[in-house]
Amino acid sequence: MSKFTCLRLLGLTVIKRQFTVNEPRCDIIAVDENKRLVVLELKNGEDRYVVQQLTRYYDALLEHKPFGDRVDYAKPVRLIAIAPKFHRDNFTDRKYHGRFFQFLQFAIFVAEDNLNLQLKDIDN
């Protein structure tokens with residue numbers, strides 16, 4: 001099974017991992033089925049500045065518009081943070097920000113000698 005299977009399940013196709021644009025390095029750049037740019041930031045712990053980090057990526061990507069043959073920049077950009085836990089400041093920052101940030105909480109657990117990844121959209 002591919003390491004990006006969960007992204008395919010979310011309807012995303014990975015364009016690039018660890019992509020540097022104007023200094024910031026985005027963890028994953030992807031597109032959805034409508035050619036919308038999707039920026040994913042992966043965290044292995046709580047990080048109170050994930051909204052600001054995604055905002056910097058968003059700004060740099062809109063300035064340079066890489067992957068123009070695969071991305072429709074006329075469509076809104078999706079900004080997704082995936083972490084095991086979100087700091088309460090993340091919710092405050094997101095609440096007063098002009099863009100929407102999707103927060104997906106992950107958990108890894110063992111079942112029948114297999115490692116399993118669980119993703120939960122904390123807004124649903």
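This is a predicted model: local features need pLDDT of at least 70, side-chain atom pairs count only at pLDDT 80 or more; totals for chains, interfaces and linings use all residues.
Start with strand 2, residues 25-32. Most of this strand is covered, with 7 of its 8 residues buried. Strand 2 pairs with strand 1, residues 12-20, in the antiparallel sense, over 7 bridges. Between strand 1 and strand 2 lie 4 residues of a hairpin, where Asn22 takes a positive phi near 55°.

Now follow the chain onward. Strand 2 also pairs with strand 3, residues 37-42. This pairing is antiparallel too and runs over 4 bridges. Here Ala30 has Val38 of strand 3 as its bridge partner. The hairpin of strand 2 and strand 3 again has 4 residues between the strands. In this hairpin, Lys35 takes a positive phi near 65°.

Stay in strand 3 and find Glu41. Its relative accessibility is 3%, so Glu41 counts as buried, the cut-off being under 20%. The side chain of Glu41 makes a polar contact of 3.3 Å with the side chain of Lys43. What else is Glu41 in contact with, leaving aside its neighbours within four places in sequence? The list is Asp27, Val50, Gln53, Leu54, Tyr57, Ile80, Ala81 and Ile82.

Turn next to the rings. The structure holds 4 aromatic pairs. In one of them, the rings of Phe86 and Phe91 have their centres 6.4 Å apart. Their planes stand at 70°, so this pair is edge-to-face. Phe86 is buried, at a relative accessible area of 10%. Phe91 is partly exposed, at 34%.

Phe86 also pairs with Phe103. These ring centres lie 4.5 Å apart with planes at 15°, so the pair is stacked. The partners come from distant parts of the chain, 17 residues apart. Phe86 sits in the loop between strand 4 and helix 3, while Phe103 belongs to strand 5, residues 101-111. Both Phe86 and Phe103 are buried. Together, Phe86, Phe91 and Phe103 form one aromatic cluster.

Arg94 leads from the rings to the charges. The charged end of Arg94 sits over the ring of Phe103, 4.4 Å from its centre. The side chain of Arg94 also meets that of Asp123 in a salt bridge, 2.8 Å from N to O. Arg94 lies in helix 3 and Asp123 in the segment after strand 6, so the pair ties together parts that are 29 residues apart in sequence. Arg94 is buried, with a relative accessible area of 13%. Asp123 is partly exposed, at 37%.

Side chains of opposite charge can pair when their charged atoms come close. The structure holds 7 salt bridges. One of them joins Asp89 and Arg48, with the closest N and O atoms 2.4 Å apart. Asp89 is in helix 3, and Arg48 is in the loop between strand 3 and helix 2, 41 residues apart. Asp89 is partly exposed, at a relative accessible area of 22%. Arg48 is partly exposed as well, at 36% relative accessibility.

Lys75 and Asp72 form another salt bridge, 3.9 Å from N to O. Lys75 is partly exposed at 31% relative accessibility, and Asp72 is partly exposed at 27%. Asp32 is linked with Arg36 and Arg78 in a network of salt bridges.

Technical notes. Residues are numbered from 1 along each chain as its sequence is written. Side-chain values use heavy atoms; hydrogens and water are left out. Buried means under 20% relative accessible area, exposed over 50%, partly exposed in between (1.4 Å probe, protein chains only). Helices (H or I, at least four residues) and strands (E, at least two) are DSSP runs, numbered from the N terminus. Two strands pair if DSSP finds at least two bridges between them. Rings of Phe, Tyr and Trp (its six-membered ring) pair if their centres lie within 6.5 Å; planes under 30 degrees apart count as stacked, over 60 as edge-to-face and the rest as tilted. A charge sits over a ring if NZ of Lys or CZ of Arg is within 6 Å of the ring centre and within 35 degrees of the ring normal. A polar contact is a pair of N or O atoms within 3.5 Å; within protein, one must be able to donate a hydrogen and the other to accept it, and residues adjacent in sequence count only if both atoms are side-chain atoms. Contact means heavy atoms within 4.5 Å. A salt bridge is a side-chain nitrogen of Lys or Arg within 4 Å of a carboxyl oxygen of Asp or Glu.
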